[in-house]
Amino acid sequence: MTDRSAVQDALRAQRIETPSWGYGNSGTRFKVFAQPGVPRDPYEKLADAAQVHAATGAAPKVSLHIPWDAVEDYAALAAHARGLGLEIGAINANVFQDDDYKLGSVTNPDPRVRRKAVDHLLECVDIMDATGSTDLKLWFSDGTNYPGQDDTSARQDRLADALAEVYQRLGDDQRILLEYKLFEPAFYTMDVPDWGTAYAHCLRLGPKATVVVDTGHHAPGTNIEFIVAFLLREGKLGGFDFNSRFYADDDLMAGAADPFQLFRIMHEVVKNGGLAPETGVAFMLDQCHNIEAKIPAVIRSVMNVQEATAKALLVDTGALTAAQDAGDVLAANEVLMDAYNTDVRPLLAEVRAGAGLDPNPLAAYRATGWAEQTAAERVGGHQAGWGA
Ligand SMILES: [Mn+2]
């Protein structure tokens with residue numbers, strides 16, 4: 001796409017969903033560093049998310065995590081979100097933080113534990129009904145640590161049964177986003193270790209089940225853009241959990257570690273029509289801000305995704321196809337690199353100004369004084385964080 005106004009329209013239309021847990025305290029297994037002004041409940045997390053949307057104009061949806069964002073009245077939480085100009089995005093189930101899940105949740109050998117896990121997933125669909133959310137995001141920590149610990153294929157049967165029961169419960173406009181992860185917390189087998197496993201389960205479930213690609217959940221060196229192209233072609237890419245990593249599941253800001261990889265991913269998205277809202281690809285962030293200020297980090301991440309998208313939109317597809325058809329390896333590569341090496345910041349500044357926004361979202365946020373205000377006001381109570 002090289003028509004400048006079409007590129008601008010596409011950038012203006014892109015929506016990036018931010019995670020409620022990105023606004024709370026987080027850390028590694030060694031230490032969680034508390035920050036002043038961090039939200040103490042889901043309502044305050046939404047207020048912070050509204051700051052990101054105000055600064056970028058591109059982040060109206062917020063993913064929730066249950067039970068971290070558990071409240072008495074979900075309809076009231078959704079109304080609060082609407083009042084802030086936001087919507088509730090994906091509901092992320094949590095079947096990994098209970099003692100019962102030591103040997104797994106939906107694949108646990110104990111049927112009582114499996115029942116408890118599936119009941120939680122069904123409760124998450126109830127929360128979707130109450131909040132208007134359309135996406136149930138499922139990530140399972142299930143797996144084994146030692147050879148012989150459990151029957152690998154029996155665990156697949158249990159997983160399939162659980163997914164089928166939840167799938168049956170979905171409304172017409174609701175879907176499952178099934179996430180995979182290579183390792184951690186289990187170190188020998190994970191029950192959903194890769195896109196192929198997730199894809200096979202989604203295929204069996206039906207059209208309302210799609211795969212979510214968390215960019216931090218692969219082996220080093222994995223060609224993620226290939227996975228993206230394949231899943232888009234099959235109509236099975238439900239969305240992304242963007243974050244970046246140097247080693248494993250680092251959950252750093254999207255686009256920070258490897259902006260070229262993010263560009264290559266967005267190139268496959270753009271080329272295969274994944275930006276069109278009707279394909280249903282959700283551009284979500286799934287990251288934790290352990291040492292940096294949280295709201296600016298989310299804003300920076302949104303901007304990084306936008307920059308990768310803008311570069312992907314600038315690929316001269318006519319020239320690329322011509323070079324590919326001619327078998328001109330170097331020319332084809334050059335077309336792609338020309339787009340990647342373009343400084344798209346002025347283009348995005350223009351898009352923002354055209355939408356009535358400050359061309360510099362980080363400066364706009366700083367000018368609000370929100371960080372100082374919340375640090376002064378949010379005293380007492382419990383700051384939100386893992387397990388809250
Ligand atoms: Mn994720």
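Residues are numbered from 1 along each chain as its sequence is written. Because the model is predicted, local features need pLDDT of at least 70 and side-chain atom pairs count only at pLDDT 80 or more, while totals for chains, interfaces and linings use all residues.

**Whole chain.** Select everything. The protein chain has 14 helices and ten strands; these are DSSP runs numbered from the N terminus, helices being H or I of at least four residues and strands E of at least two. Its C-alpha atoms fill a box of roughly 60 × 55 × 40 Å along the principal axes. With 388 residues, a compact globule would have a radius of gyration near 21 Å, and the chain agrees at 21 Å. That radius is taken over C-alpha atoms, and the globule rule is 2.2 Å times the number of residues to the power 0.38.

**α7 and α8.** Select 224–233 and 259–271. The helices pack at about 15°, axes 9 Å apart. Axes are lines fitted to C-alpha atoms, for helices over the stretch in contact, and angles run from 0 to 180 degrees between N-to-C directions. α7 and α8 are therefore roughly parallel (angles under 35 degrees; over 145 is roughly antiparallel, 65 to 115 roughly perpendicular, the rest oblique). Now show I224, E225, V228, A229 and L232 of α7 with Q261, R264, I265, E268 and V269 of α8, which make the contact (C-beta atoms, placed from the backbone, within 7 Å).

**α2 and α9.** Move to 42–56 and 294–313. Here the axes come within 10 Å and cross at roughly 40°. That makes α2 oblique to α9. D48, Q51, V52, A55 and T56 in α2 meet I295, V298, I299 and V302 in α9.

**Two cis peptide bonds.** Most residues other than glycine have a negative phi, and most peptide bonds are trans. Select I66 and P67: the bond between them is cis, omega near 15°. P67 lies in the loop between β2 (61–66) and α3 (74–83). Then go to E184 and P185, joined by a cis bond with omega about 10°. P185 sits in the loop between β6 (175–179) and β7 (189–190). What is the phi of E184? Phi of E184 is near 80°, a positive value in a residue other than glycine.

Technical notes: Two residues are in contact if their C-beta atoms, placed from the backbone, lie within 7 Å.
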